[in-house]
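This briefing goes through a protein chain by topic. Look at the sequence and the structure first, then read the points below.

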Amino acid sequence: MSAAQEALPAIRGSRDATVKRFALTDSIFHGMTRAAAILVLVLLGGVAISLFAGSWQALSTFGFSFLTTESWNPVTEKFGALAPIYGTIVTSAIAILIAVPLGIGIAIFLTELCPRPLRRPIGMAVELLAGIPSIIYGIWGLFVLAPFLQTTVQPFIIGMFHGIPGLNSLFAGPPYGIGLLTSSLILAIMVLPFITSITKDVFDTVPPVLKESAYGIGCTTWEVTRRVVIPYTRIGIMGGVMLGLGRALGETMAVTFVIGNAHRISTSLFAPATTISATIANEFTEAVGDLYTSSLVALGLILFVITFLILAIARYMLMRIDARTGA
């Protein structure tokens, strides 16, 4: 028997041991990743169950009227979530309407138009906005932005639209400085770096050959951006918008400083209002009685449902876009 034949069993044994070791580590890795995914679902379900259980007393007491009632009176224990829901949706919508065009525009400038030496400093400056604590935004909004709006912008807008049907009620006075519009502007500044950073990153993933081909047939920068870059990265852009919207919906401290915390609905964007997060932050530590506490938890449940529905709708829209384009 040759030396090679004698060493063959040892080689086979070593190979089998290596294969078993690889199989063991692979199964451990597979189990850990599955457990992590299941843990996310368990945490999500646990949060939903906890919110539902904590809000059951308020939901069973007020029923559907809890969603349609504006009144919020802790003394008489009459609670309605319509005003916080209205404030949350309006401020988030205005913030996204402001931040999305600005964010995409900045991302286009940084990737297509900005001189190379300035790209990194400007990009870092935009991303640093995301690192500023929300309470700093709130203090700045209360002591700087709100007085500026109160003394200059709001009186000018009120006078400009005075007497114009529809717009005169949308921008009605008096100029408080704080209110829906001020909090929306603060939110727009806060979500801008998220949208800009993600959009810039996905723009950088566009293959250069696609843009070079478009430029080669005579397309302008606007045409390349519209016809090549944005369609190629639409899912990433939508992800950035959804991330910004999630930040806007759940923002608490900055909004609490500048929205006015008034439980009423007004057609004017200059009027004080409130949001779900601001109401919970302002009143949870002072809540006396089970019904009061349960009503605040019910607000948290409503915010949870609103966020879930918005994300689900966004995902459905992306699926429709992919199906229509054949992606």
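Is the crossing of α3 and α7 left-handed or right-handed? The crossing of these two helices is right-handed. A crossing is left-handed if the near helix is turned anticlockwise from the far one by less than a right angle, and right-handed if clockwise. This is a predicted model, in which local features need pLDDT of at least 70 and side-chain atom pairs count only at pLDDT 80 or more, while totals for chains, interfaces and linings use all residues. Residues are numbered from 1 along each chain as its sequence is written, and side-chain values use heavy atoms, with hydrogens and water left out.

**Helix packing**

- Two packed helices are described by the angle between their axes and the distance between the axes.
- Helices (H or I, at least four residues) and strands (E, at least two) are DSSP runs, numbered from the N terminus.
- Axes are lines fitted to C-alpha atoms, for helices over the stretch in contact, and angles run from 0 to 180 degrees between N-to-C directions.
- Helix α3 (residues 82-113) packs against α7 at an angle of about 40 degrees, and their axes are 6 Å apart.
- That angle makes α3 oblique to α7; angles under 35 degrees count as roughly parallel, over 145 as roughly antiparallel, 65 to 115 as roughly perpendicular and the rest as oblique.
- The contact of α3 with α7 has 22 nonpolar, nine polar and one charged residues.
- In that count, Ala, Val, Leu, Ile, Met, Phe, Trp, Tyr, Cys and Pro are nonpolar, Asp, Glu, Lys and Arg are charged, and the others, Gly among them, are polar.
- The axes of α7 and α10 come within 8 Å and cross at roughly 160 degrees, so α7 is roughly antiparallel to α10.
- The crossing of α7 and α10 is right-handed.
- Gly240 is found in helix α10 (residues 234-250) and counts as buried at 0% relative accessibility. Buried means under 20% relative accessible area, exposed over 50%, and partly exposed in between (1.4 Å probe, protein chains only).
- The C-alpha atoms of Gly240 and Thr199 are separated by 6.5 Å, although these residues are 41 residues apart along the chain.

**Aromatic pairs**

- The structure holds seven aromatic pairs. Rings of Phe, Tyr and Trp (its six-membered ring) pair if their centres lie within 6.5 Å; planes under 30 degrees apart count as stacked, over 60 as edge-to-face and the rest as tilted.
- One of the pairs is Phe62 with Phe79, which is edge-to-face, at 6.2 Å centre to centre and 85 degrees between the planes.
- This pair links distant parts of the chain: Phe62 is in helix α1 (residues 3-62) and Phe79 in strand β2 (residues 78-79), 17 residues apart.
- Both Phe62 and Phe79 are buried.
- Phe171 and Phe270 form a tilted pair, at 5.7 Å centre to centre and 55 degrees between the planes.
- Phe171 lies in the loop between α6 (167-170) and α7 (180-203), and Phe270 in the loop between α11 (253-258) and α12 (276-283), so the pair ties together parts that are 99 residues apart in sequence.
- Phe171 is buried, with a relative accessible area of 15%, and Phe270 is buried, with 1%.
- One aromatic cluster is formed by Phe62, Phe66, Trp72, Phe79 and Tyr292.

**Salt bridges**

- The structure holds three salt bridges, a salt bridge being a side-chain nitrogen of Lys or Arg within 4 Å of a carboxyl oxygen of Asp or Glu.
- Glu112 and Lys211 meet in a salt bridge (3.1 Å, N to O).
- This pair links distant parts of the chain, with Glu112 in helix α3 and Lys211 in helix α8 (residues 208-216), 99 residues apart.
- Glu112 is buried at a relative accessible area of 17%, and Lys211 counts as buried at 16%.
- Asp204 and Lys200 meet in a salt bridge (3.4 Å, N to O), and Asp204 is partly exposed, with a relative accessible area of 47%.
- Arg247 forms a salt bridge with Glu251, with the closest N and O atoms 3.3 Å apart.
- Arg247 counts as partly exposed at 22% relative accessibility, whereas Glu251 counts as buried at 7%.

**Backbone**

- Most residues other than glycine have a negative phi.
- Glu77, not a glycine, has a positive phi of about 55 degrees and lies in the loop between β1 (72-73) and β2.
- Asn261, not a glycine, has a positive phi of about 55 degrees and lies in the loop between α11 and α12.
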